[in-house]
Amino acid sequence: MSDLESLRSKALEEISKAETLQKLHEVKAKYLGRKGLVTEALKRIREIPPEERRNYGKKVNELKEALETALREKEEALKKKEVEKALASEWEDLTVPLENTVGSLHPITLTLRRIVDVFRGMGFTVEEGPEIELEEYNFDMLRIPPDHPARDMQDTFYVNKEGYLLRTHTSPVQIRTMLKRKPPIQMVAPGKVYRRDDDPTHSPMFHQVEGLVVNETANFRHMKYVIEEFLKEFFETDLPVRFRASFFPFTEPSAEVDIGCVICGMKGCRVCKGTGWLEVMGCGMVHPYVLEACGVDTDLYQGFAFGMGVERLAMLLFGIDNIKVFYENDVRFLRQFS
Ligand code: PHE
């Protein structure tokens, strides 16, 4: 019994003196390991006279538990100290001006400006909307019903306020613009959008540019012309463009726009999945329901809309095959765009 007492005080002292996690693990092995002193003491129970065994066993187990608790507490304290040390030594003052360092625009900013500039040249205005958006503008007024898969929690980031979310596309800016201004409208809306997606081709935050034209004569042919001209100017070549029938709740008819793969010259590659075509945007004639919901008289006006992914266009423009490089801020990557 007195051996147990001295074992206890020696072990506790060694635990409290351990300066590193490594040292602490050594102490743990010394006492509680397979051949540890406490483990051995427990095995010695066979040598104890039967009438004392019960009491002895109880004492050893108490000792074991006391040491385990002390070890756990010490381990937490040491880990905390390590984090504090790292925070103190790895601290950097990011506000110190560096000499001879000139910043440059991010490739996404460059692409966004390039897109917007083409549309400005065609007489479009530039509109902006909030990233924390009303569910009503992001979904309801765009004819996306409550049971639509796009509303699923998996796709949408909801915020801690009833009726609000992180916009999943730039289309709510169509709504905001129509509520604010009478036609004719001819606008683009660049900005950040959010979806619960994360893999090599999807990022939870990305950028879109929305386009909306509402006037007395807007039709599908106008839309085709505007999009084809845009793509020609953006890629600075007369590339093949095709419109594929598709579906969006807020446009009817709807289409998806493909361009001839700029990576392989339409021979078929990994990026175009062997098809020779790349999808670059969605578009369509604005559904009368949407126009009416925004107070636009559908006897007088009609409209078309389109929406494109900026990262996608940037990847094609610069020949990049992984969306993640845009957000890693590796200066070796970013410098190539200065
Ligand atoms: N908002 C659609 C999307 O995010 C794209 C789109 C915009 C489609 C405008 C048609 C018209 O996928």
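Biologist: How do the residues of the shell around the ligand divide by class?

Modeller: Classes go by residue type: Ala, Val, Leu, Ile, Met, Phe, Trp, Tyr, Cys and Pro count as nonpolar, Asp, Glu, Lys and Arg as charged, and the others, Gly among them, as polar. Here the shell has 5 nonpolar, 7 polar and 2 charged residues. This is a predicted model, where local features need pLDDT of at least 70, side-chain atom pairs count only at pLDDT 80 or more, and totals for chains, interfaces and linings use all residues. Residues are numbered from 1 along each chain as its sequence is written, and side-chain values use heavy atoms, with hydrogens and water left out.

Biologist: At what angle do helix 5 and helix 10 pack?

Modeller: Helices are DSSP runs (H or I, at least four residues), numbered from the N terminus. Axes are lines fitted to C-alpha atoms over the stretch in contact, and angles run from 0 to 180 degrees between N-to-C directions. Helix 5 (residues 107-121) and helix 10 (residues 310-318) pack at about 100 degrees, their axes 9 Å apart. Helix 5 is therefore roughly perpendicular to helix 10, a label for angles of 65 to 115 degrees.

Biologist: Which residues meet there?

Modeller: Contact means heavy atoms within 4.5 Å. Among them, Ile108 and Leu112 are on the helix 5 side, and Leu313 and Leu317 on the helix 10 side. By class, this contact has 9 nonpolar, 1 polar and 2 charged residues.

How values were computed:
Helix = DSSP H or I, 4+ residues; strand = E, 2+ residues; numbered from the N terminus. Parallel < 35°, antiparallel > 145°, perpendicular 65-115°, else oblique.
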